[in-house]
Amino acid sequence: MSKKSPIYSSHENQIYLLDSKIEINEQLSADIYHMVLNCPEIAATAKPGQFIHIRCSDGLSPLLRRPISIAMADIDTGTIEIIYRVVGEGTKILARKKKGETLDIMGPLGKGFPIPEGIKFPAIVGGGIGVAPLLFLAKAINTANKRETAGIIFAGFSSDDETFGTFFMEDCGFKLEICTDDGSRGYKGFPTDLLEKYINDRKIENDTASVNSSKEIIGPMSPHVEIKAGGKNAIDIIYACGPKPLLAKVKSIAAGAGIPACLSLEERMACGVGACLGCAVKSAEGGYMKVCKDGPVFEASQVEI
């Protein structure tokens, strides 16, 4: 079997196993790196929120592949981009890779973020390295909406030194709110603080402006969730990726405000295709769901966090 042949295909997705040449592997901050890979097959089919599974070494250690979100895909150049943090042996090996070397990768994997027709003002919430896949999402929303203001992004980082992608997010038409743990840039605190304040402020404005008006239903995101139009710049859907406490807080805020939310979960995984159950999370309806195959993006109401 050719290594560039799909190893799995369905009506929705094809998964490729291939050797991909590294075009760029650059250090963005102390332990964050940006890599560009040439792989036209994956670039042509990848969706925001999906990931690739990388074999970091030709040897037996580390044994397992590393799942890393796709931060960008470009059909014209045939490239995908990843932004990763060095946290263990596998990512240490990745950081030492040079331009021209090849990586054994599998992808695109998982289910990505849905972008329903008719969304008017989405909010994107990201924390740390979880901001990476949201860059691809911001570009896709901008492309789909073709509006002057695409929505609002609340992005949180440890410090100003670890920020990335900020100019890109603004170029995609999003109003950008930055926060840092140490206050070295933007608001000192968490992006969920800013999300909650924004929703509360807009609720007061909209309640005052349209006490007797009802929201217009503009389309379903799934059989379970309806997207509703609110007042000007009222959030009609929330997307989030980041640490589990951030996702839990976003789920709580969204539920309290009656806004649908899509969360991208991160879990350790072995196979990446739903066979080993190593990444199972509790389903809200009982039982378990697999992050690699059923996710990594879930409607917030689907999973327990």
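**Notebook: a predicted chain, element by element**

I began with T192 and found this residue in helix 5, which spans residues 191–209. Helices here are DSSP runs of H or I with at least four residues, strands are runs of E with at least two, and both are numbered from the N terminus. I noted that the model is predicted, that local features need pLDDT of at least 70 and side-chain atom pairs pLDDT 80 or more, while totals for chains, interfaces and linings use all residues. Residues are numbered from 1 along each chain as its sequence is written, and side-chain values use heavy atoms, with hydrogens and water left out.

**Entry 1: T192**

Is T192 buried or exposed? I recorded a relative accessible area of 6%, so T192 is buried. The cut-offs are under 20% for buried, over 50% for exposed and in between for partly exposed, with a 1.4 Å probe and protein chains only. I then listed the contacts of T192, a contact being heavy atoms within 4.5 Å. Neighbours within four places in sequence aside, T192 touches L246, K249, V250 and I253.

**Entry 2: the whole chain**

I counted six helices and 19 strands in the chain. Of its 305 residues, 50% count as buried. I also looked at contacts between residues at least 6 apart in sequence, and 63% of these join residues at least 24 apart.

In which order do the strands of the open sheet stand? I read the order as 12-11-10-9-15-16-19, seven strands with mixed pairing. Strand 12 (187–188) and strand 19 (297–299) are at the edges with a single partner strand each, so one side of each has no neighbour in the sheet. Two strands are taken to pair if DSSP finds at least two bridges between them. In general, strands of a sheet pair through backbone hydrogen bonds, either parallel or antiparallel.

I followed strand 10 (residues 151–157) in detail and found seven of its seven residues buried. G151, I153, A155 and F157 point one way, whereas I152, F154 and G156 point the other way. Strand 10 pairs in the parallel sense with strand 9 (residues 122–127) over five bridges, and A123 stands opposite I152. With strand 11 (residues 174–180), strand 10 pairs in the parallel sense over seven bridges. There, I178 is the bridge partner of A155.

I also checked strand 15 (residues 237–241), which pairs in the parallel sense with strand 16 (residues 261–264) over four bridges. A240 stands opposite L263 in strand 16.

**Entry 3: helix 4 and T166**

What do strand 10, helix 4 and strand 11 make? I found a right-handed β-α-β unit, in which helix 4 covers residues 166–171. Right-handed means that, with the strands pointing away from the viewer, the path from the first strand over the helix to the second runs clockwise.

T166 belongs to helix 4. Its relative accessible area is 7%, so T166 is buried. Beyond its neighbours within four places in sequence, T166 is in contact with L176, I178 and R185.

I turned to helix 2, in which G90, T91, I93, L94 and A95 are buried. These buried residues pack against strand 2 (14–27), strand 3 (32–38), strand 4 (51–55), strand 5, strand 7 and strand 8 (102–109).

E81 lies in strand 7. With a relative accessible area of 26%, E81 is partly exposed. Neighbours within four places in sequence aside, E81 is in contact with H34, M35, V36, S69, I70, A71 and M72. S69 is twelve residues from E81 in sequence and 8.9 Å away in space, C-alpha to C-alpha.

**Entry 4: the largest pocket**

A pocket is an open set of points on a 1 Å grid over the protein atoms alone, where a 1.4 Å probe fits, with protein on both sides within 12 Å along at least five of seven lines; lining residues have an atom within 4 Å of a point. The largest pocket holds about 830 Å³ of space. Its lining has 27 residues, and P67, I68, V87, E266 and E267 are the closest to its centre. Strand 5 (66–69), strand 7 (79–85), helix 2 (89–96) and helix 3 (132–145) are the elements that give two or more residues to this lining.

Which element gives the most to the lining of the largest pocket? I found that strand 5 does, with four residues.

Note on methods. Grid points are joined across faces, edges and corners, and a volume is the space filled by probe spheres set on the points.
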